[in-house]
Amino acid sequence: MGSQRDDGGFEEFVAARGPRLLRVAWLLTGDAHLAEDLLQTVLARVWPKWQKIAGDHPEAYIRKALIHTHASWWRRRWRGEVPHGEVPETEPRAAYDVYEIVDLEQSLAAAVRALPVRQRAVVVLRYFEDLSVEDTAATLGCAPGTVKSQSAKALRTLRALLPTAMAEGGDCRARS
């Protein structure tokens, strides 16, 4: 076999952090296949530069690359109307319903995907990746005030799109 280039820990990084990065990609795209494509595209672009970025928070660098690459993909794709089903029931259930949890998770995923690209990126970084306002602003290359305003707009939209129990921050299981 030919000589292999030393990856400087790239494979170990991808093995350890890949699932979390794939989750970020899925939250951005809303599609498992597109998420895999997005992450693979970004990792392929990062690999030649790995020696330079490996010591400087590579996960933050890759998250930022995921967001920028997704935004460029999104801009190129036509955004037509997307039909929606009926509005979910908003009455609390009397008993714990495991299917309700799945329905709420799917509703949340669909609602996040319905957000504009910038708001979606803010929601993913702030609430799913648990980054601070400052870290989110640094990742997106904007001011902290922009993160706050985009977050407020996104949360307002999500509250309007989601069932009452989730929009009010309540538990998705009915209280006995």
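Asp130 lies in the loop between α6 and α7. The structure described here is a predicted model. The phi angle of Asp130 is near 60°, a positive value in a residue other than glycine. Most residues other than glycine have a negative phi. With a relative accessibility of 66%, Asp130 counts as exposed, because exposed residues are those over 50%.

Tyr127 belongs to helix α6. Its relative accessible area is 41%, so Tyr127 is classed as partly exposed. Beyond its neighbours within four places in sequence, Tyr127 is in contact with Val122, Ser151 and Leu155. Tyr127 and Ser151 are 24 residues apart along the chain, and their C-alpha atoms are separated by 9.6 Å.

| Residue | Relative accessibility | Class |
|---|---|---|
| Asp130 | 66% | exposed |
| Tyr127 | 41% | partly exposed |

The largest nonpolar core holds 29 residues, and the members that touch the most others are Leu28, Val42, Val46, Trp50, Ile62, Leu66 and Leu140. At least two residues of this core come from each of α1 (10-29), α2 (32-46), α3 (50-53), α4 (58-76), α6 (117-128) and α7 (133-140). Helix α1 supplies the largest share, 7 residues. Leu66, apart from its neighbours within four places in sequence, is in contact with Leu21, Val24, Ala25, Leu28, Leu38, Leu39 and Val42. A second, separate core has 7 residues, among them Leu115, Val123, Ala154 and Leu162.

Notes
Residues are numbered from 1 along each chain as its sequence is written. This is a predicted model: local features need pLDDT of at least 70, side-chain atom pairs count only at pLDDT 80 or more; totals for chains, interfaces and linings use all residues. Side-chain values use heavy atoms; hydrogens and water are left out. A nonpolar core is a set of buried Ala, Val, Leu, Ile, Met, Phe, Trp, Tyr and Cys residues joined through side-chain atoms within 4.5 Å. Buried means under 20% relative accessible area, exposed over 50%, partly exposed in between (1.4 Å probe, protein chains only). Helices (H or I, at least four residues) and strands (E, at least two) are DSSP runs, numbered from the N terminus. Contact means heavy atoms within 4.5 Å.
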